[in-house]
Amino acid sequence: MVRATVTAEADHLEVRTLVRRARLTFEAVRGIYHRGGRMRADMTALSTMLSQGLCLYRDVRIVGAIPGVFVGDVFSYRAELIVVGLHNQTQAGIGFIPANLVSEGHPVATSIVSSGGYLDDHDNGEVLIYTGSGGRPRHGVEHNTDQEFERGNLALAYSHKYGVEVRVIRCHDCDTSPSAKLYVYDGLYKVDSITYGPGKSGHEVCKFKLVRIPGQAPLGSKIWRSARDLTNMLDSNIRPRGYVTRDLSKGKELIRVPIFNNVDRDISPLGFEYISRPDFPVLPRPVRRFRCCQYATAACGGSSSSGSCACVRKNGGGGPAYNADGTLVRGRPVVYECGAQCGCPASCSNRVTQRGMQHRLEVFRSRQTDWGVRALDLIQPGAFVCEFSGDVVTVDDDGHHAGNAGGASTEWGGIVDPRKFPARWREWGDASAATLPDDAEEPPRFAHLAGPRPRYVLDVSRRRNFAPYISHSSAPNVFVQLVLRADDNESYPRLMLFAMDTIPPLRELSIDYGIGP
């Protein structure tokens, strides 16, 4: 039983990367099992990772904060809590270290998952009245027998006695989560007091008063509720205090992109012309329409047409590039989507990025990163976020200016070079750390392949969308995926951004620009 302390900035980055890698492996393995039709693919993925030693901190029982897990981090599956070491029970709400592993000879609780499922629970964020486990039928609300001080209840009692802090994860219903649940890590609490007596159902219950330890980052659950209230206000045409505009794009995006600044009077994002997508050179259009699918009305990538879709086949085999929910199956050197001359409809499942933004984002003023971009709703890992936009400037193989394809300035200020983004796409959907059963269809591995070399840069000095405001990080939650459509010039692949993590509301987006820490 140990407490882990991380002080150096480089160590923070290392442990955060370790957690992210474990979550990426879990999501890749879960995705493979899910596409293969496995029931409870999340639990099957957890079983695979547990059996192969891929879950974190299983050999070290950590009390207190888990290195690399931040207050406010969110998880779509309870299994993920075990993968990163936040919780150690697949069903029970109280995670604990058994007595035989504690020098004092008593069990000690280290975490709880609170879902407010008991009649006697009460929660205002900073103080949580948590009803112990047991005494009610599964999926029931009312107790039908008395609770006892055993297992997790006993462990919480000893956490109170020894002053051991407890990690609190709150479970919320969430219709945008694939599991319909969202688990939010809300930080460390101390067990302040314990009572035992009749509950609202008439049976004896164990009640634990947990008080949040001060000095931590804001409650993730509180931020979740604040973001929901904020988006409701913005939707009702109310401009909350601090908002410069409710829509930077002026209607050019499907979803409004507000600007928030409560730091100073800077309104510089309004000084640029907003363009939602770059103006790339177009190839001469064929006289005959290119029918990429066997059936023009079928969605490419669907069971009826994936084998006959020329665009899907260009993606290198292994099925469609996108899952049924529009998330990216795995990163590739380039994703080939259907284009304007294809015979499939706009609803085609191989046209994900062409449907535009699906998530609410805002540009905000930050004391740490100048300007940044953050989510206003939940973004699932693998989801399309936005396109990187600016004026297209053609360059030669050495990067020298070779012409202007989009009316851009010839000055070299504010240049985004597609070739300098690290190949973070290799990390998304990569299940190579795990050994999977023979019947699990793993997507092809593309890490050894190189994609098309873009022959352009984006000049964002005069015209841009909001993407250039996304901050740099060496542990990013968004990555660049090159995308070509059937009628695109292969020298001009589009810069599409996809989520690498589960991104909660009001979490800043970050991308690796290849410029160091």
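Two bridges join strand β11 (residues 273-274) to strand β19 (residues 456-464), and the two run parallel. The model is predicted.

**Strand β19 and its partners**

Strand β18 (residues 415-416) is another antiparallel partner of β19, joined over two bridges. There, I415 stands opposite D459 in β19.

| Strand | Sense against β19 | Bridges to β19 |
|---|---|---|
| β11 (residues 273-274) | parallel | two bridges |
| β18 (residues 415-416) | antiparallel | two bridges |

In a regular strand, side chains alternate between the two faces of the sheet.

**The largest nonpolar core**

Which residues touch the most other members of the largest nonpolar core? They are L361, V363, F388, F466 and L497, in a core of 41 residues. Several strands each supply at least two residues of this core: β13 (361-366), β14 (370-375), β15 (384-387), β19, β21 (478-485) and β22 (494-499). Strand β21 gives the most, with four residues. In soluble globular proteins, nonpolar side chains tend to be buried together.

**Cysteines**

How many disulfides does the model hold? The count comes to zero. C311 is in no disulfide, and the nearest cysteine sulfur, that of C342, is 3.8 Å away. A disulfide needs the two sulfur atoms within 2.5 Å. The C311 and C342 pair is not counted because its sulfur atoms are 3.8 Å apart and the cut-off is 2.5 Å.

Are C311 and C342 buried or exposed? C311 counts as buried because its relative accessibility is 3%. C342 counts as buried because its relative accessibility is 1%. The cut-off for buried is under 20% relative accessible area.

**A buried arginine**

R332 lies in the loop between α6 (310-313) and β12 (335-337). R332 is buried, yet has no salt bridge. Which side chain of opposite charge is nearest to R332? That is E337, 10 Å away. A salt bridge needs a nitrogen-to-oxygen distance within 4 Å. The side chain of R332 does reach a backbone oxygen, that of N315, at 2.5 Å.

Terms used: Residues numbered from 1 in each chain as written. Predicted model: local features only at pLDDT ≥ 70, side-chain atom pairs only at ≥ 80, totals over all residues. Heavy atoms only, no water. Buried < 20%, exposed > 50% of the residue type's maximum accessible area, 1.4 Å probe, protein only. Lys, Arg positive; Asp, Glu negative; His and termini not counted. Polar contact = N/O pair within 3.5 Å; in protein donor to acceptor, adjacent residues only side chain to side chain. Pairing = 2+ DSSP bridges. Core = buried A, V, L, I, M, F, W, Y, C linked by side-chain atoms within 4.5 Å.
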